Amino acid sequence: MATGAVLVLCLVAGVLHALRLPPFEKKKGEIKASEVCRTLGTSSSRSVAALDRVLPAKSSYTFHDELPDPRRDDLDDSYYSTCFVGGDGKQLLVASAQMLEYEKADDWVTEVVEQFAPASALTPFDAGDKAVATDKVAAIYVPCLARPAAHLSVVVQLKRPGDAPAAERRDALIALARNTALYAQGNARCDDH
């Protein structure tokens with residue numbers, strides 16, 4: 001009888017652990033504004049809120065900014081930045097901004113955005129010359145005012161989604177893409193006249 005009770009107790013504990021139910025649930029780490037990539041925008045509180053909505057529960061998060069090709073002056077026609085977001089050793093989200101030139105914004109969607117989502121899944125939103133999103137990617141093609149032919153291509157890709165509903169993830173990715181675009185506009189000197 002005692003062996004049966006121990007076996008049942010072990011089985012219940014195993015099921016609770018596998019399903020991450022109390023007392024075995026995984027505690028979500030805190031996303032701190034001071035640690036978030038600066039390329040996700042100057043409004044770090046908005047970025048933190050958006051990240052909190054889209055990312056899966058992880059015990060800790062890492063943020064790594066790369067700005068290998070900053071636009072240094074008016075003669076420089078390049079810009080590239082990337083933010084990598086990780087959690088518990090897995091890449092969760094990537095946000096990038098790059099200066100590109102396409103004759104038509106639809107060509108940008110085909111060549112850049114459709115690498116991450118099929119055209120049939122993309123829905124437009126209001127930003128830049130062209131902006132599209134799903135619950136896994138948000139992208140904006142925004143003009144560089146200081147260089148009339150150039151545009152910034154901003155893409156935020158969610159590699160591992162959290163538990164939020166798809167519509168909420170889409171809205172949060174759009175917020176992150178807008179924040180990234182605003183930061184890139186200033187940092188790439190696109191708003192200089």
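1. Thr82 is buried, having a relative accessible area of 2%, where buried stands for under 20% relative accessible area, exposed for over 50% and partly exposed for what lies in between (1.4 Å probe, protein chains only). Thr82 belongs to strand E2, residues 80-87; strands (E, at least two residues) and helices (H or I, at least four) are DSSP runs numbered from the N terminus.

2. This is a predicted model, in which local features need pLDDT of at least 70 and side-chain atom pairs count only at pLDDT 80 or more, while totals for chains, interfaces and linings use all residues. Residues are numbered from 1 along each chain as its sequence is written, and side-chain values use heavy atoms, with hydrogens and water left out.

3. Leaving aside residues up to four places away in sequence, Thr82 touches Thr39, His64, Asp65, Glu66, Val94, Ala95 and Ser96, a contact being heavy atoms within 4.5 Å.

4. A search of the whole structure finds two aromatic pairs; rings of Phe, Tyr and Trp (its six-membered ring) pair if their centres lie within 6.5 Å, and planes under 30 degrees apart count as stacked, over 60 as edge-to-face and the rest as tilted. Tyr102 and Tyr141 are edge-to-face, at 6.3 Å centre to centre with 70° between the planes. The ring centres of Trp108 and Tyr141 lie 5.0 Å apart with planes at 20°, so this pair is stacked, and it links Trp108 in helix H3 to Tyr141 in strand E6, 33 residues apart.

5. Overall, the protein chain has four helices and seven strands, and 44% of its 193 residues count as buried.
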